[in-house]
Amino acid sequence: MSTTVDPAPATAAFEIRPTSSPCPDAERAELLATPTFGTVFTDHMARVTWSAEHGWHDRRVEPYGPLALDPAAAVLHYGQEVFEGLKAYGHADGSVWTFRPWANATRFAASARRLALPELAVEDFLGSIEALVRTDAAWVPSGEETSLYLRPFMYASETFLGVRPAREVEYVAIASPVGPYFASGVKPVSIWVVRDYHRAGPGGTGAAKCGGNYAASLLPQQEAYARGCEQVCFLDAATHSELEELGGMNVFVVGADGSVRTPPLNGSILEGVTRSSVLTLLAEAGHDVQEAPIRLADLRAGLEDGSVAEVFACGTAAVVTPIGRLASDDFDLTVADGGTGPVTAAVRGQLTDIQYGRVSDTHGWMHRLL
Ligand code: COI
């Protein structure tokens, strides 16, 4: 059951330059049968080129393949790069939809501004997604919890070692059939709260979706793996006492009284599209929902005395993932019922029902791709 209220139907036209060697049907069917996260890519990619002289030009879909990059390309030295993540969902009637792409397009432009990259128009962002998914429609998986993950990104391609914004930039969108983000599937995950490292600081790039933020999370993430945890949770850089976000997803805490809290957008937290959708769905379900600081000390006390009932992570890749355990050097706490609480399960169900077209889209969040 799908309806759409589409606030931005205009999309730019992309020239299709098809591959002469698409993946054979049988091989593709095998790859689509049990997709993992981010390991397999479709036959094509969408591209738009930018230069200070000509602006955005050469909108095309071309065969997926390695990008030519001069060893002195600025992105390789100074990390001038931003990216996005959204998904295309196959519905039971054979149609294919994406979720709130306007929000991703807007965030992509905001991230680009912060990294001194040129902004890509919403029409180009949407046009690239539509052209790519229509060209590679056969790659949209149909299994439960599967989707076609879309990864638009932009990088400084100019050959120049001086430190200034690049005058040549490439925009590329690639697509990957995916299953659940965590190898364990849709099961509660363990979180390691890191004390010695921060993901972002005041005035930094924390609110931008740029590669550097994720690179900075890798060493603490290794620490998390070493402690048997799937994800790391960062605290704020100023007071080291409040939860900010996980390595690649936002965090929510559910009280035993049904109230729900997530850290506010303070400039160093990513404005997650899933985060905002979950806030809306929980408020509509009657929960007292607050975007307010979560002190680690309060969360620990709440888990110990039972006033915190559930904790979950959310993001495009992670959807809504329950958190079953929270640990650090000086504590190791289990969430009630191992993290399989009803509020987390309900909001996950509501969100995915909308995304997969199992209920009607009363919010106008879905955008039909084909
Ligand atoms: C997403 O949820 O789409 C992300 O970008 C997070 C992660 C996979 C980097």
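Trainee: Is E158 buried or exposed?
Mentor: E158 is buried, because its relative accessible area is 10%; buried means under 20%, exposed means over 50%, and partly exposed is in between, with a 1.4 Å probe and protein chains only. Please note that this is a predicted model, in which local features need pLDDT of at least 70, side-chain atom pairs count only at pLDDT 80 or more, and totals for chains, interfaces and linings use all residues. Residues are numbered from 1 along each chain as its sequence is written, and side-chain values use heavy atoms, leaving out hydrogens and water.

Trainee: Which residue forms a salt bridge with E158?
Mentor: The partner is R164, and the closest N and O atoms are 2.9 Å apart. A salt bridge here is a side-chain nitrogen of Lys or Arg within 4 Å of a carboxyl oxygen of Asp or Glu. R164 has 25% relative accessibility, so R164 counts as partly exposed.

Trainee: How many salt bridges does the whole structure have?
Mentor: The search finds 21 salt bridges. One of them joins R227 to D329, with 3.2 Å between the closest N and O atoms.

Trainee: Where do R227 and D329 lie?
Mentor: R227 is in the loop between α5 (211-226) and β10 (231-235), and D329 is in the loop between β16 (319-328) and β17 (331-334), so this pair ties together parts 102 residues apart in sequence. Helices (H or I, at least four residues) and strands (E, at least two) are DSSP runs, numbered from the N terminus. R227 is partly exposed at 36% relative accessibility, while D329 is exposed at 57%.

Trainee: Which residues do salt bridges with shared partners join into one network?
Mentor: The network consists of E15, R17, R47, D58, R60, E62 and E170. The side chains of E62 and R60 meet at 3.2 Å, N to O, and both E62 and R60 are buried.

Trainee: On to the rings: how many aromatic pairs are there?
Mentor: Rings of Phe, Tyr and Trp (its six-membered ring) pair if their centres lie within 6.5 Å; planes under 30 degrees apart are stacked, over 60 edge-to-face, and the rest tilted. The count is 12 aromatic pairs.

Trainee: Why is the pair of F37 and Y149 edge-to-face?
Mentor: The ring centres of F37 and Y149 are 5.0 Å apart and the planes stand at 65°, so the pair is edge-to-face. F37 is in the loop between α1 (25-33) and β2 (44-51), and Y149 is in strand β7 (residues 147-156), 112 residues apart. F37 is partly exposed at 22% relative accessibility, whereas Y149 is buried at 8%.

Trainee: What about F252 and F312?
Mentor: F252 and F312 are stacked, at 4.9 Å centre to centre with 5° between the planes. F252 belongs to strand β12 (residues 250-255) and F312 to strand β15 (residues 308-315), so the pair ties together parts 60 residues apart in sequence. Both F252 and F312 are buried.

Trainee: Lastly, which residues of α8 are buried?
Mentor: The buried residues of α8 are V343, T344, V347, R348, L351, T352, I354 and Q355. Down the axis of α8 they fall within an arc of 155°, so they line one face of the helix; the arc is that of the directions from the helix axis to the C-beta atoms.
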